[in-house]
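Keep the structure in view while reading.

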Amino acid sequence: MGMLEGKVALVTGAGGGIGREIALAMALAGAQVVVNDVGASLSGLGETSATPGEQTRAIIEQRGGRAVVSTDSVADWEAARRMVATALDAFGRLDVVVNNAGILRDQIFHKMTPEEWLSVINVHLNGSFFVSRAAADVFRRQSAGAYVHMTSTSGLIGNLGQANYSAAKLGIAALSKSIALDMGRFGVRSNCIAPFAWSRMTSSIPAETDAHKARVAKLQAMGPEKNAPLAVFLASDAAAHVTGQIFAARHNEVFVFNHPRPVRGVHRSEGWTPETLAEHGMPALSGHFAPLDRSPDVFSWDPV
Ligand code: NAI
């Protein structure tokens, strides 16, 4: 028996990349799946299409699974509510929400437009809220449910040219932790995955320098399917005590991120003035850290 037998999963952005692999893996684990995707371009601009979602459904059905397609956008509250209604209409319940849909509008910060900022925040952060919130009523009624949200090392660490995306992705990590606290009383869990995969999204990374090219080569070896087992596990009852956590899946490695907590402190019994902070406080504290002068090299970084 599969680990998600009898469960219903809604996977957003499941028409391609990581979302499709998660939807396929969840169906293989026994879940009935709502395959959501607007079929957007990478930037979210231009025409949308039902084809990517239909293709995912076709694969699930060829393998003997059950799926329905939703072409609603996560970036709209009413559409998010329709998505949840689709699950209830088709399968009578909803047990798992995977917030995976996303777009990119990369831009160096001093040139980033309000539109570039808002569109990315809207799909990633607002979209994760809308879909999670729409499902919360069902989860509460059922006294059970699992959220799996896609965050990113771009947010957890920072990245060049991605202020909009980084802010949204760290926001999603915060959203997940607060959902875990608020919904724990109803038996609902919420966790994040920072995935790594060669996909439409990462194939847009510019590779100008040798260091960039080496990084892209490593990423090319990481198929989106490598992230799916962790998502299935987190959605399943086998993860019954796992909540409020941030995991990363990097090829054959899985790791958990350190919980943010103060790393160093200084105490002054008289209290602080700006001058004493400048003399004794902050340099001593922040000197601990190397300046972040480049895109964090998450591939050479040792998680252990
Ligand atoms: P992708 O571009 O292949 O897939 C994203 C999917 O979301 C597309 O099928 C697109 O049509 C859909 N989508 C876009 N806007 C939507 C909307 N408003 N409503 C519904 N669907 C929408 O990207 P990929 O790489 O598979 O990324 C999946 C998730 O993983 C994203 O949240 C991304 O930020 C995250 N991620 C990916 C990483 C990677 O290495 N590929 C690294 C870190 C995070």
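In this predicted model, helix α3 covers residues 77-91, 15 residues in total. From its first C-alpha to its last, α3 reaches 22 Å, which is close to the 21 Å expected at 1.5 Å a residue.

The next point is how the helix sits among its neighbours. Ala 80, Met 83, Val 84, Thr 86, Ala 87 and Phe 91 of α3 are buried. Looking down the axis of α3, these buried residues fall within an arc of 145°, so they line one face of the helix. Here a residue counts as buried if 20 or more other C-beta atoms lie within 10 Å of its own, and as exposed if there are 12 or fewer. On the face of α3 turned away from the buried side are the exposed residues Glu 78 and Asp 89.

What covers the buried residues of α3? The cover includes the strands β1 (8-12), β2 (32-36) and β3 (67-70), together with the helix α4 (114-142). After α3 comes Gly 92, and the phi of Gly 92 is positive, near 80°.

Now turn to the ligand. There are 35 residues around the ligand, and those that come nearest are Gly 13, Gly 17, Ala 101, Gly 102 and Ser 199. Two or more residues of this shell are given by each of the elements α1 (17-28), α4 and β6 (188-195). The largest share, three residues, comes from α1.

Key:
Residues are numbered from 1 along each chain as its sequence is written. This is a predicted model: local features need pLDDT of at least 70, side-chain atom pairs count only at pLDDT 80 or more; totals for chains, interfaces and linings use all residues. Helices (H or I, at least four residues) and strands (E, at least two) are DSSP runs, numbered from the N terminus. The expected span of a helix is 1.5 Å times one less than its number of residues. The arc is that of the directions from the helix axis to the C-beta atoms. Two residues are in contact if their C-beta atoms, placed from the backbone, lie within 7 Å. A residue is near a molecule or strand if its C-beta atom, placed from the backbone, lies within 6 Å of it.
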